[in-house]
Amino acid sequence: MSSQQPVSEKRRVFSGVQPSGEAHLGNYLGAFRQWVELQDRYDCLFCIVDQHAITGEYEPEDLPGRVFDMAVSLLAVGLDPDKCLLFVQSEVPEHTELAWLFNSVTPVGELERMTQYKDKSARLTSIPAGLLNYPVLQAADILVYLAEGVPVGEDQLQHLELCRGIARRWNAKYGVFFPEPQAIVSGTGRIMGLDGQAKMSKSLGNTVGILAEPEEIWSQIRKAVTDPQRVRRSDPGRPEVCNVYALHEFFTDPGQLPDIAEQCRTAGRGCVECKRILADSIAAEFAPFRERAAFYRERPQEVLAILARGAEQAGAIARQTMAQVRRSMGMDWRRAIDGALDGGAPSA
Ligand code: TRP
């Protein structure tokens, strides 16, 4: 592979995911399903953001495995290394360089207003600066590629707005260069965890791994909370408020949905039976993921090569951006002084 950046007329899209290990149902519905679609229409970069992961508690010895498992998950759901770039943040050091430069145009007050920061910092006695500056690195992730579109869940809209503000202030000070990236919202709406309480997360055990075996999918789905008004088998249910029904809409054959809804409303079918159908639908959709994951797990070198190629090509773009940014911000002093020694006055 050459280090030339791919020539493309397509608009550029960037998104990132934390290296949380094997992906789960929430990652899939909220992000990856859409990423797989976007890779056909845009010039896409997808990044496993290990440098964001260190802003919370973590074990260094666990991080490599979490990064690798997330890479396998992304390939398993269908990201195609021939269509998009897949890479790990720390392998393109320009992200952190740009983040530092962006710190100079980011008001602390705005960072302190971020909901995610407020939530996470409230639980800590000592707040790492990295937690506050997290969205600055996120802005650098996006803008180092001059990306115009960013697929994100609703929880990240505030960070994206901050990113646009950073681009705007930088452009006002140093000359228009960065785009103001737009969110591409998945439209999934709010899918709750299977406990019906919190958003899906592996640590809460309220979700299903995308590589789970059918029995495991069933053992998780059977625990799922349904319409609370449906206490007894004979109570009619309300598909509109039922999280299990919401999941049916994503996974079950659309032709079957009217029957699922009807049988719920009339109590013709019990919740357990309804969940059984859902578990089967999910298992069917995830089956090819398990197959592809097995393929890549047997070939770890192939995964490493894909990530290396991704980092190399992403790095080529990032280096071009940084050359311009350094010039604009006065860090091309060597060239400026060289020019002066050649006889001219130091100039830009
Ligand atoms: N903060 C995002 C999340 O937790 C992950 C992320 C990091 C990201 N950098 C990004 C998402 C850039 C989109 C664009 O989900």
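Biologist: Which residues do ring pairs link into a cluster?
Modeller: Ring pairs join Phe-102, Trp-170, Tyr-174, Phe-177 and Phe-178 into a cluster. Rings of Phe, Tyr and Trp (its six-membered ring) pair if their centres lie within 6.5 Å; planes under 30 degrees apart count as stacked, over 60 as edge-to-face and the rest as tilted.

Biologist: What should I know about the model and its numbering?
Modeller: The model is predicted, so local features need pLDDT of at least 70 and side-chain atom pairs count only at pLDDT 80 or more, while totals for chains, interfaces and linings use all residues. Residues are numbered from 1 along each chain as its sequence is written, and side-chain values use heavy atoms, with hydrogens and water left out.

Biologist: How many aromatic pairs does a search of the whole structure find?
Modeller: The search finds 15.

Biologist: Switching to the ligand, which side chains have a polar atom by its nitrogen atoms?
Modeller: Tyr-134 has a side-chain N or O atom 2.7 Å from a ligand nitrogen. Asp-141 places a polar side-chain atom 2.7 Å from a ligand nitrogen, and for Gln-156 the distance is 3.1 Å.

Biologist: How much of the ligand does the protein bury?
Modeller: Taken alone, the ligand exposes 370 Å², and the protein buries 88% of that (accessible areas by the Shrake-Rupley method with a 1.4 Å probe).

Notes: Polar contact = N/O pair within 3.5 Å; in protein donor to acceptor, adjacent residues only side chain to side chain.
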